[in-house]
Amino acid sequence: MGQESVGDAASVVNWCTRSDISPLRYPGGKRKLAPLIADLISKAGTRPALFIEPFAGGASVSISLLEADYVDMIALADADPLLASFWRTVFSPDAEALADMVYDARVSLKEWKRLKHSNFGSGLETAFKCIFLNRTSFSGSLNQGAGPIGGMSQSGQYKINCRFNQEKLAERILELSLLRHRVRFVRNETYLKTVRDVRRTALYRDSPQKLFWYLDPPFFAKADKLYRYHFGSQDHEELARATENLPGRWLLSYDDHSDARRLYGTHPGYALVNLQYSARIDEKRRLVAKEIVVSDIISDLRKAGTLQHGAEIIQIPRRRQNATVQIQAVDRNLAVG
Ligand SMILES: C[S@@+](CC[C@H](N)C(=O)[O-])C[C@H]1O[C@@H](n2cnc3c(N)ncnc32)[C@H](O)[C@@H]1O
């Protein structure tokens, strides 16, 4: 396989290997894709003025790229009002109040039940509800059916507070809030509405190549268990059509599922990413996690002959190491082609 080295993604690797990049424990969080996206951005040759994540979830890719200074500004949107409230608050003057609430929280089953059954509208309390339930529920799921870590009896080895480090989370919220001036918008909208609205902006009219879309839709498999807002098969197909005419550059990621291969497998910007972690299936077998990515930049690089057509596996380094080793790891492993 031809290997093309990527020399400049080390700073993003530093960020994306931080497991606390996002204060949210988000199912299917994609921080490990950030170095690849940084690399593609560099290869495309235009620094994004606005990096838009319309399926924001835990927003770890946007935050990694912003903190590593690969993009000027980010914009986040999610159909789930809990998530939109959380991010809006983190990047608002209310961040300090949210950090105080997290720091002072009583992490108990009683509080979990109170928040689970509450409805606060869209402000600070909702942002708190989001992070509290996310950090204290199984798999970080905000779904109505998701129970508390440790179960209702709290008799398991892990209790409700085992993923809620109040001091660290409060600190991280304050740290992120300092980036407020580089967050163009946070909205509670569907991706289709966000695409439509961005198309009307002056930024798009003047320099469409300076917009970058990172699209990470709900999974094909089990999304109804993980997210409060998920996709039916029609929605996946509608998204595939939307990528044909997005206002700006883009990269889409999907869990490696036969339906995703069917929808995108023949796209010229299709590639498989090896996330380099594996889950045990049984005593003998391990499942190596792969992710499908599709991007107009991959497609352009192939057209220009910069990337090979046939070989498709992209390796992403996984461990946080010291800077020198990291650069070697990036040179050796983060290869496209
Ligand atoms: C796979 S998750 C995104 C994870 C995120 N990339 C991360 O790293 O944490 C998909 C997200 O899409 C949101 N979503 C579902 N349907 C949507 C729609 N029609 N428009 C916008 N967001 C939607 C879900 O609420 C969920 O947060």
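This is a predicted model: local features need pLDDT of at least 70, side-chain atom pairs count only at pLDDT 80 or more; totals for chains, interfaces and linings use all residues.
**Stop 1: the ligand.** Select the ligand and the residues around it. There are 24 of them, and the closest are Tyr26, Lys30, Gly58, Asp78 and Asp216. Coloured by class, this shell shows 13 nonpolar, five polar and six charged residues. The space that the ligand takes is the second largest pocket.

Aspartate 78 places a polar side-chain atom 2.7 Å from an oxygen atom of the ligand. Aspartate 216 has a polar side-chain atom 2.6 Å from a nitrogen atom of the ligand. For alanine 79, show the backbone instead: one of its polar backbone atoms is 3.2 Å from a nitrogen atom of the ligand. How much of the ligand does the protein bury? Taken alone, the ligand exposes 610 Å², and the protein buries 96% of that.

**Stop 2**

Then select residues 60-67, which form helix 3. Is helix 3 enclosed or open? Eight of its eight residues are buried, so the helix is largely enclosed by the rest of the structure. The buried residues run from Ser60, Val61, Ser62 and Ile63 to Ser64, Leu65, Leu66 and Glu67. After the helix comes aspartate 69, with a positive phi near 60°.

**Stop 3: serine 139.** Move to the loop between helix 7 (124-136) and helix 8 (166-177), where serine 139 is found. Serine 139 is a residue other than glycine with a positive phi, near 55°. At 45% relative accessibility, serine 139 lies between the 20% and 50% cut-offs and therefore counts as partly exposed.

**Stop 4: helix 14.** Select residues 296-303, which make up helix 14. Start at its N-terminal end, which serine 295 caps: a side-chain oxygen of this serine lies 3.0 Å from the backbone nitrogen of isoleucine 297. Helix 14 is mostly covered, with six of its eight residues buried. Those buried are Asp296, Ile297, Ile298, Ser299, Leu301 and Arg302.

Terms used. Residues are numbered from 1 along each chain as its sequence is written. Side-chain values use heavy atoms; hydrogens and water are left out. Buried means under 20% relative accessible area, exposed over 50%, partly exposed in between (1.4 Å probe, protein chains only). Helices (H or I, at least four residues) and strands (E, at least two) are DSSP runs, numbered from the N terminus. A residue is near a molecule or strand if one of its heavy atoms lies within 4 Å of it. A polar contact is a pair of N or O atoms within 3.5 Å; within protein, one must be able to donate a hydrogen and the other to accept it, and residues adjacent in sequence count only if both atoms are side-chain atoms. Accessible areas come from the Shrake-Rupley method with a 1.4 Å probe; for residues, only the protein chains shown count as cover. On a 1 Å grid over the protein atoms alone, a cavity is a set of points where a 1.4 Å probe fits but cannot get out, and a pocket is an open set with protein on both sides within 12 Å along at least five of seven lines; lining residues have an atom within 4 Å of a point. A molecule sits in a cavity or pocket if more than half of its atoms lie within 2 Å of its grid points. Ala, Val, Leu, Ile, Met, Phe, Trp, Tyr, Cys and Pro count as nonpolar, Asp, Glu, Lys and Arg as charged, and the others, Gly among them, as polar.
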